[in-house]
Amino acid sequence: LPGAWPEGSVHGLRARGGFSVGMVWADGVLVEACVVSEAGASCRIVDPGGDLAVLDSMGNAIATARTDWCQAFSTSPGMRFRVVPGGARG
């Protein structure tokens, strides 16, 4: 993020594959993101550092397939996920 935006949020972004995304960040770092699957496609989240956790609507960590630069997981229409820094689960 630009240095001029150290804190903020955005909601209602559209992502490829039929996803709605919202994010909150502070001190230039992601606090949490909400991903809603509208089409039930596989979701890929860019995560080159491997430090993000993907949680289901109950707050449980879900298994993801990892590559060097992203995490991928299956979704169904209407499912909601939280993406948080790895140490901030729950």
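**View 1. An open sheet of five strands, ordered E1-E2-E3-E8-E5, is built with antiparallel pairing.** The model shown here and in the other views is a predicted one. Strand E1, residues 8–15, and strand E5, residues 52–55, stand at the edges of this sheet, and because each has a single partner strand, one side of each is left without a neighbour in the sheet. On average, and with direction ignored, neighbouring strands of the sheet are turned by 20 degrees against each other.

View 2. Strand E2 covers residues 19–26 and runs antiparallel to E1, to which six bridges join it. To follow this pairing in the structure, look for Ser 9, which stands opposite Val 24 in E2.

View 3. Within the pair, Ala 53 stands opposite Val 84 in E8.

**View 4. An open sheet of three strands has the order E4-E7-E6, again with antiparallel pairing.** Strand E4, residues 43–46, and strand E6, residues 65–66, are the edge strands, each of which pairs on one side only. Two bridges link E6 in the antiparallel sense to strand E7, which is made up of residues 70–73, and the bridge partner of Ala 65 in strand E7 is Ala 72.

Notes:
Residues numbered from 1 in each chain as written. Predicted model: local features only at pLDDT ≥ 70, side-chain atom pairs only at ≥ 80, totals over all residues. Heavy atoms only, no water. Pairing = 2+ DSSP bridges. Helix = DSSP H or I, 4+ residues; strand = E, 2+ residues; numbered from the N terminus. Axes fitted to C-alpha atoms, helices over the stretch in contact; angles between N-to-C directions.
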